[in-house]
Amino acid sequence: MRQATGRSTTEAALTAGPVAGRPLRAVIYARVSYDPRQQLRSVSQQIDECTAECERRGWTLAEVFKDNARSASRYATKERPQYDALIKFLEQGRADVLVTWESSRAQRDLEAYVKLRRVAEDNGVQWSYKGRLYDLTRTDDRFTTGLDALLDERESSMTRDRIMRDKRNHAKKGGPHGRLLFGYVREYDPKTGAFARQIPHPEQAAVVREAARRVAAGESLRTIAVDFNRRKITTGWGKAWQTSGISRMVTNPGYIGQRVHQGKVIGKACWPRLLDDATFYTCVQRLSRPGRSYHRDGRTRHLLTGIVRCGVCGGPMAFINGAVGRASYACRGTRESLSSKCTVVRQERLDDYIERLVIERLSSPDAADLIANDTTAADVQRALEEAAEKRARLDEFYDTAATGKLSASALARIEARLLPEIEAAEKRAYELRVPAVLRDVVRPDIAVVWPTLHLDRRRDVVRTLLNITLLPHQPGSRVDVSKRVEVEWKHDL
């Protein structure tokens, strides 16, 4: 039987409130995830319509909660502080009905819906959306709101799938996404607002090139960071430079025109490069070579610290100041007393001997053979393109499996074959047989140039060319240190 108002007898009874003659206390919740083009109702519009619904039904508005730029899906990464406050408000029994513009404004996650339904049942709260009022203690209303919650979650998941697919396709075409690379600026179509192009920043691009050039030349990350901060050069966020930020910058393939997706190079980018291959791969080799932990903090002050190994215990040698100011390299095993160390040698004598060997090697007529067989930029590029092509094929198989046209067992077999090949190609791209640090130090006048090189660069050259072992004292070694030094050349001519 219908009343003159057109509402069911059940809904009319609910509207009268838990106490006869007392209007329901309503609470409004409004939310928007992201709405730059006003395709959804904004928070203010939602509140206006919900307020009108309260007035139409004669409810007393007790409170309004709203969350801006907050997702309600299962994939959300940010908390909804106002929604949490709403749940507490309902649990305290301070409202009789929750009013939202539509069900998805409260949640797009089935688990969140179940929690909301339990709170409503336990505290006698009804739920109103799209002009209807639901009593969540009734079976039919639980079914209807539960079905809406399932549809909301499904729509959210489908939207995410479309976005992820579009991101993959956009990435494969070389388009930018997400945080803007320092050193670039993006331009947009003034009519449509769509991305037009990404071009070098008039000031930041020079900073990127300077940092990469200095790292490739052997300067420490700390030295560069301190210099940039002294010159009041800031990051893209307006912050001071840290060594980690410079390291990530000069080893980012985006600066040689490579598109990176989920940490992997997948093809060419649509923006111009800022760095040449030789400079970039030198930085990569120095800072990011697989299997190599190599962090500079600028505190090393001596040529062979940590490079020379003890011939007794095999440990690294450290610089110490001995008696009467005798600077020495000594085994790190027991640093308290010179007399108790495995091996000790005067720093100046060992440095001079090793530097003579290196200078002689780099200035010899056949030293060019050291870099003649170096992995070229073209070789590295081919390896990266091979990895990108195979990763793109694997992504296509993933998409096919998602549609059910490829079985899980078949996908597993494809992964077992392609993943090792992708990893091998990426490793081959970064494993340079002779590090590029040697490219501009193989020269006839290296004896003149050597003292002008940064200490980190000289240490790199020594580390690249030699394995050095210091043996215990030998007869005559006090005068001729070569009698107690074993040298292994890593790259034979």
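Visitor: What pLDDT does the chain average?

Guide: This is a predicted model, and pLDDT expresses the predictor's confidence in each residue. Here the chain averages a pLDDT of 80, and 78% of the residues score at least 70.

Visitor: Over which residues does the pLDDT stay under 50?

Guide: One such stretch is residues 1-17, for which the model has 22 contacts beyond four places in sequence. Residues 334-338 also have a pLDDT below 50, and the model gives this stretch 11 contacts beyond near neighbours in sequence.

Visitor: Let us turn to a helix. Which residues of α3 are buried?

Guide: Burial is judged by relative accessible area, with under 20% counted as buried. In α3, which spans residues 81-91, the buried residues are Y83, L86, I87, F89 and L90. They lie on the same side of α3, because the arc they cover around the axis is only 160°.

Visitor: What do the buried residues of α3 pack against?

Guide: Their partners are the strands β1 (25-32), β2 (60-68) and β3 (97-99), together with the helices α4 (103-106) and α5 (110-123). Just after α3, G93 takes a positive phi of about 70°.

Visitor: At what angle do α3 and α5 pack?

Guide: A helix pair is described by the angle and the distance between the two axes. For α3 and α5 the angle is about 25° and the axes are 9 Å apart. Angles under 35 degrees count as roughly parallel, so α3 is roughly parallel to α5. On the α3 side the contact is made by Y83, I87, L90 and E91, and on the α5 side by A112, K115, L116, V119 and N123.

Visitor: Which residues touch the most other members of the largest nonpolar core?

Guide: The largest nonpolar core has 33 residues, of which L304, I354, V358, L362, W450, V462 and I468 touch the most other members. Two or more residues come from each of β10 (308-310), β12 (327-331), α11 (347-363), α15 (446-449), α16 (455-465) and β14 (466-470). Of these elements, α11 gives the most, with 7 residues.

Visitor: Which residues does V462 touch?

Guide: Leaving aside residues up to four places away in sequence, V462 touches L303, L304, I307, I354, V358, W450 and I468. Apart from this core lies another, of 31 residues, including L181, V208, L221 and L384.

Visitor: Finally, what covers the buried residues of α9?

Guide: In α9 (residues 243-250), the buried residues are G245, I246, S247, M249 and V250. Their cover includes α7 (204-216), α8 (221-230) and α10 (277-287).

Note on methods
Residues are numbered from 1 along each chain as its sequence is written. This is a predicted model: local features need pLDDT of at least 70, side-chain atom pairs count only at pLDDT 80 or more; totals for chains, interfaces and linings use all residues. Side-chain values use heavy atoms; hydrogens and water are left out. Buried means under 20% relative accessible area, exposed over 50%, partly exposed in between (1.4 Å probe, protein chains only). Helices (H or I, at least four residues) and strands (E, at least two) are DSSP runs, numbered from the N terminus. The arc is that of the directions from the helix axis to the C-beta atoms. Contact means heavy atoms within 4.5 Å. A nonpolar core is a set of buried Ala, Val, Leu, Ile, Met, Phe, Trp, Tyr and Cys residues joined through side-chain atoms within 4.5 Å. pLDDT is the predictor's confidence in each residue, from 0 to 100. Axes are lines fitted to C-alpha atoms, for helices over the stretch in contact, and angles run from 0 to 180 degrees between N-to-C directions. Angles under 35 degrees count as roughly parallel, over 145 as roughly antiparallel, 65 to 115 as roughly perpendicular and the rest as oblique.
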